Amino acid sequence: MLLLICLLSISKLHMYTYAILIFSVQIFFTTIGVEWLYSIYEEYAYITTRSIIFKLCSIALLFIFVRKSTDYLWYVFVTVFATVGSNVLNLINIHKYCDLRFTFQMNLQKHLKPILIIFSSSIAIMIYVNSDVTVLGFLKSDYIVGIYTVSVKIYNVVKTVLSALLIVTIPRLAMLYGKKRFDEYKIVLKNIFNWLLLLTLPSVVGLAALSSTVVKIIAGTKYLRATSSLEILSVALIFSIFGWLFNECVLIPAKREKYYLIATIISAVANIILNLLLIGKWSENAAAFSTVIAEFLNMVIAMYYSRDIVNFSYLINNPISIFIGCLCIYIECLIFQSLNLNAFATLVLSMMSSIISYFIILIIFKNDKCITILNYLKWRKSE
């Protein structure tokens, strides 16, 4: 209803009415898609297979139907298809886990307060994630919005890949904490923290160093202006991933939803204020900077309210090996950038070289996660 009121009352949105209405179909299908149920039962093989199939179908449809700029409604339709298709499949398969039906036999008093707190937190997150694009749209041109959207899309792709490890462990961590198996909980949390550290820092460094190359491949040379905002956003990846870790894996299992809400509200307000103050002068770079500050505040506040549960000095293992590896990655990426190869060759060679050198450095410094991988490979080979 709020969406319809906005469409009718905000004149600047009228030209996007059909696109927004098509996108709004996701609201209903996300609700009936009960994605959370499959996460509870840790059906990640099903989730992954289903997502890959619908994403591949979407890519094929994009090549078939989206040929020129006027085909943007087809682009919207295909984008929605990937999500809606997954939701429909979820609904079809739900009989394996429960009998889904309408009922008025609900213990609302027990569940309403935490649900509303988490719901409010989700709204706050959506506000500070999307406010930069919204404010850009009102204060700047569609061209600037397009430039920044390229940066945001690349940023979100990398964040989604990195957060995959985090998402699959949330149900397990919630179960361990809920059953008061705190020793096991802390061991799993420490492992996840160090795996994220091992993967996130080199990804941030690589994305920052190769931002212009990535923009060329994803969007073309016309969007090279997006390079600077992508470099700034790459820093936000660190704060976003670890803020998510402490919010979803510590505060929520500990039933401290109100602190999660406090963190997200403060972040949202800070993001909006910074956007309004800075976008007028620094455009898309200001929007990216505001996102960095918002993600940083979110992480710091979540860590503060988690300090009696988590010993931060206990979490970190072998940080020196990771930092030295990241330094080598940055130098290698700059070297390949200076060779004036085509964008795709630069990206592939930089990634291959960085992965190999990073792995070697981790072995030299005896990083325990790297040793775990080696031992697993030896075990597989012996079998």
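**Helix 15 and its surroundings**

Author: Helix 15, which covers residues 343–364, has 22 residues and reaches 31 Å from its first C-alpha to its last, close to the 32 Å expected at 1.5 Å a residue; that expected span is 1.5 Å times one less than the number of residues. Helices here are DSSP runs of H or I with at least four residues, and strands are runs of E with at least two, numbered from the N terminus. The model is predicted, and local features are taken at pLDDT of at least 70 and side-chain atom pairs at pLDDT 80 or more, while totals for chains, interfaces and linings use all residues. Residues are numbered from 1 along each chain as its sequence is written, and side-chain values use heavy atoms, with hydrogens and water left out.

The buried residues of helix 15 are T346, L347, S350, S354, S357, Y358, I361 and L362, where buried means under 20% relative accessible area, exposed over 50% and partly exposed in between, with a 1.4 Å probe and protein chains only. Seen down the axis of helix 15, these buried residues fall within an arc of 135°, so they line one face of the helix; the arc is that of the directions from the helix axis to the C-beta atoms. An α-helix has 3.6 residues a turn, so residues three or four places apart point the same way. On the other side of helix 15, F344, I355 and I356 are exposed.

At the N-terminal end, N342 caps helix 15 through a side-chain oxygen that lies 3.1 Å from the backbone nitrogen of F344. Beyond the helix comes K366, placed in the loop between helix 15 and helix 16 (368–382). Most residues other than glycine have a negative phi, but K366, which is not a glycine, has a positive phi of about 55°. With a relative accessible area of 65%, K366 is exposed. K255, in the loop between helix 11 and helix 12, also has a positive phi although it is not a glycine, of about 60°, and is exposed at 69% relative accessible area.

Leaving aside neighbours within four places in sequence, T213 is in contact with Q337, A343, T346 and L347, contact meaning heavy atoms within 4.5 Å. T213 counts as buried at 4% relative accessibility, and its side chain makes a polar contact of 2.6 Å with the side chain of Q337. A polar contact is a pair of N or O atoms within 3.5 Å; within protein, one must be able to donate a hydrogen and the other to accept it, and residues adjacent in sequence count only if both atoms are side-chain atoms.

Apart from its neighbours within four places in sequence, L189 is in contact with L173, L245, C249, V250, V310 and L315.
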